[in-house]
Amino acid sequence: MNATDTSAQPLWERPAIQQVRRVLAAPAVGPLIALLLTMAFFSLKSDRFLQGPNLSLVLQQVMVVGVLAIGQTLVILTAGIDLSAGTVMAFGQIVMTKLAIDSGYSPMTAILLGILACVAFGMLNGGLVAFVRLPAFIVTLGTLNIAFALTHIYSNDLTYPPGESGASSLPSALLFFGRTFTIGHTDVTYGVVFMFVLFALAWFVLTQTAWGRHVYATGDDAEAARLTGVKTGRVLLSVYIVAGLMYGLAAWLLVSRTEIGDPNAGQTTENLDSITAVVLGGTSLFGGRGTVIGTLIGAIIVGVFRNGLTLIGVEVIYQYLVTGILVILAVSVDQLTHRRRL
Amino acid sequence: MRDPQREHTSWRTLVLATALLAAVVGTTVLVAAASAKPTSQGATVKVGLITKDATNPFFVKMRAGATKAAKRLGASLIYAAGKSSSDNASQIAAIENMTTAGVKGILITVADGKAENAAIAKARKAGVIVIALDTPTVPKSATNALFATNNFNAGILIGKYARAATKGKKVTIGMIDEHAGSSVGALRHNGFLKGFGIKKNSKLIACAGNGEGQTAPSQTAMENCLQKNPKINVVYTINEPSALGAWNALKKAGKSKAGTTIVSVDGGCAGVRNVKAGIIDATSQQYPLLMASRGVGAVVKFAKTGKKPSGYTDTGVNLIAKKPLVGVKSKSVKYGLANCWG
Amino acid sequence: MSERQPLLEARGIVKRFGHVVALDGADFELYPDEIVAVIGDNGAGKSTLIKSLSGALQPDRGEIRLDGKPVRFRSPGEARRAGIETVYQDLAVAPSLDIASNIFLGREARRRGPLGRALRMLAKRTMRREAALHLRELQIGVQSMSQPVENLSGGQRQGVAVARAAKWAQRVAIMDEPTAALGVKETRQVLDLILRVRDRGLPVILISHDMPNVFELADRIQIMRLGRRVAVVTPQTHSMSEAVAIMTGATRGELELTLVKGRPAQLPTEEDA
């Protein structure tokens, strides 16, 4: 393959094309192209789409699922899956609001305890998966129900704050991420900025630290990683704990957005959307391959569709149809271009 | 060494797959968009309607009524619904997106009395009026106005009827509600108690279950109630699909139509037919078409004159029963069928 | 006869998997500067013995000594820390990571200074450079260091696995079926590589089905059958067919007659050859 006569080389072997191919095959490029195409489409059909306030809105609608999806990405990278993401977040959210209102804890303490509650679930998930060697699907199916039950028991099925109060009586610390600052004509929510910060941190940890490499190695081939000396048990446990931390932070973002503690949160939409975002972002469900940047793009794609379809007057129900098709396509494209063993 | 065969296939399939992805996505959305109602920019008043879910016949009828009213008044309707009767996240996103899409007003049956308030407040701040249909927000003042059945009254009527129908007999009551945060559920439930003449913790109430306002879950809830106390002979149900589910459970347990008194709220044509068949003994008929058309009318009026609707407008309720009883005013099944919806 | 102390030895290793007895009191010695091959039919216990030495398995009974001192490896990491590196039959590489990442897996280098200490950032370029250097020294040729290992040919992947062991092994390198899935040219490359590793001063334990390879590389050959060592021969004292005969049980190995559980018989050393 050392042909010096470039004119005789087949098209796909030429150096320039090789460069293009390398770029196209880079992770997250596929989802990015899909996102750009989608945004181009909607901006053509509606002049309200590509405006600052609308885009800021899309990101606000995405921020809770986005942060959930960071945790989900980590878990899926280890060839696991976390079905409890949404309901654990709901539990954390209820703990935060109830402790702040009923038990008189200071807001920051309540928030911390809510996050800790989610981390505790993460430890439970991680411990069972890593050391008792139970399948992640089954374990998190169990914790999904446990978290759901605890949420309703602890909140008595009430939306917090209870009673007839008008404007939200939640302490402002809980609502912090709903506050905005203005750039030009656009209001940017702190929560959205926080989401980007978290994604940047996740990207750094996954690509620039040894732990990140170990996560990929464990998901790729756990036995090979173990034989190479990676402490796969500890890696798995830490992944689920970090995921729990993400769910706790997502809970805080959710409270900031809805200004209530909602016992019905996280059951379907947020839960499944977190997995959808990961898959659309190009991460393989069989572990070891994928990026958090892809997940961010995947989450934004779902948000863009929901928003865009409403803007052009199409019923939101079509969003589910398109999301379903996209998920299947994303998985197929992934399989075809990278020949993964899905 | 590199396998040229593999690289060749990979390049081709990458191009193919990306093209496929773009094509299918584009086509799907184009087809979906083509079926949307034509919107001429600027002149037409846009009205948004958001219901709890899209499948309950009550909401289907409400939507039909709104669509008809919009057409009549030269406005255009954007519709959205949650995935279930407790899906708050979808409703919140819909409120935000409709506001960006430029609606003048939003009509909404809120899934939870409080969960949507923050989003509603934002919409109102942006100059959009929000009218609650059928279900009030908590507090009522969160929306500009409420067009609804007096649900408390509806409960009283069926409570009175149930009491009259079982006069002198020993009663054991089962109550099939929907989820805890439902304000309409609470009103009807408490109205029934008042009409029947008992208090919340009356010993006559053997069981209360969550039937989610749908047939199948209500059947399960009723079955569980019967396991707890097989002697239940009076059943309050939050709506007619729920009543049907409860009847299925009672039938399987060997109860007879004559031996059980089932009361409900809705007045849909299917439900009134069940009254005729003796399955439901009495139902409070409400008028979703009226709610919808009045709502659309109010938004168009606001768009044209700037006059905002306010307060509570009672869209009326009538008790429909097959067997009239002394002391309880009711209308005949014939009347019910003539004025039913669905 | 000079009694050299074995660098690594095992005595009376017993390992059961449920009802199956994989090792039934197996012994083993490795002296410095030699290549020892372990051969035996399927089920003879070769892989199990090797995994016991590399920490991938824990024996039920028996003793392992390194430099004469008893050791117990509870994990592959402990064996590695003791200086024993293993190339497993299925290579144990992370397919989606690149060559440098694989070579440094579990032993990643961090950047100097606060970036490395506080943020624990990896020194990627350094690792890549060192890996490339190492591969060149071992004469393993790859086109690009940044491609995932799964894109490499079988021989190249084997080369990466061997290079990884060679880079880190302080005392012993173990290779389980290193040429099993390779073609002729690639097999030749790996065999030369193993010789180079030995020549750099690292003793090698080799498991192989390939008799010609074994007889080309090994200084001594340990023959196993039914979970025990039945003979130790050298290419000088025995022919391939004789070794195979002992392996299959057609001929009795000299240790079979004299073997008493736990006590080794007189073993032939290089002087006897």
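Modeller: In chain B, strand S6 (residues 173–177) and strand S8 (residues 234–237) run parallel to each other and pair over four bridges, where strands are DSSP runs of E with at least two residues, helices are runs of H or I with at least four, and both are numbered from the N terminus. Two strands are taken to pair if DSSP finds at least two bridges between them. One of these bridges links B:Met175 to B:Tyr236 in S8(B). In general, the strands of a sheet pair through backbone hydrogen bonds, in either a parallel or an antiparallel way.

Before going further, please keep in mind that this is a predicted model, in which local features need pLDDT of at least 70 and side-chain atom pairs count only at pLDDT 80 or more, while totals for chains, interfaces and linings use all residues. Residues are numbered from 1 along each chain as its sequence is written, and chains are lettered from A and ligands numbered from 1 in the order in which they are written.

The pair belongs to an open sheet of six strands in chain B, with the order S7-S6-S8-S9-S10-S12 and mixed pairing. At its edges are strand S7 (205–210) and strand S12 (318–321) of chain B, each of which pairs on one side only. On average, neighbouring strands of this sheet are turned by 15 degrees against each other, with direction ignored; axes here are lines fitted to C-alpha atoms, for helices over the stretch in contact, and angles run from 0 to 180 degrees between N-to-C directions.

Helix H7 (residues 215–228) of chain B packs on this sheet and touches S6, S7 and S8 of chain B, a contact being two residues whose C-beta atoms, placed from the backbone, lie within 7 Å. The direction of H7 makes about 155 degrees with that of S7(B). Helix H8 (residues 240–252) of chain B lies across S6, S8, strand S9 (261–266) and strand S10 (282–285) of chain B, and runs at about 160 degrees to S9(B).

For a setting beyond the sheet, chain A has 13 helices and two strands. Among contacts in chain A between residues at least 6 apart in sequence, 75% join residues at least 24 apart. Chain A also meets chain C, in a contact that takes 17 residues from chain A and 18 residues from chain C.
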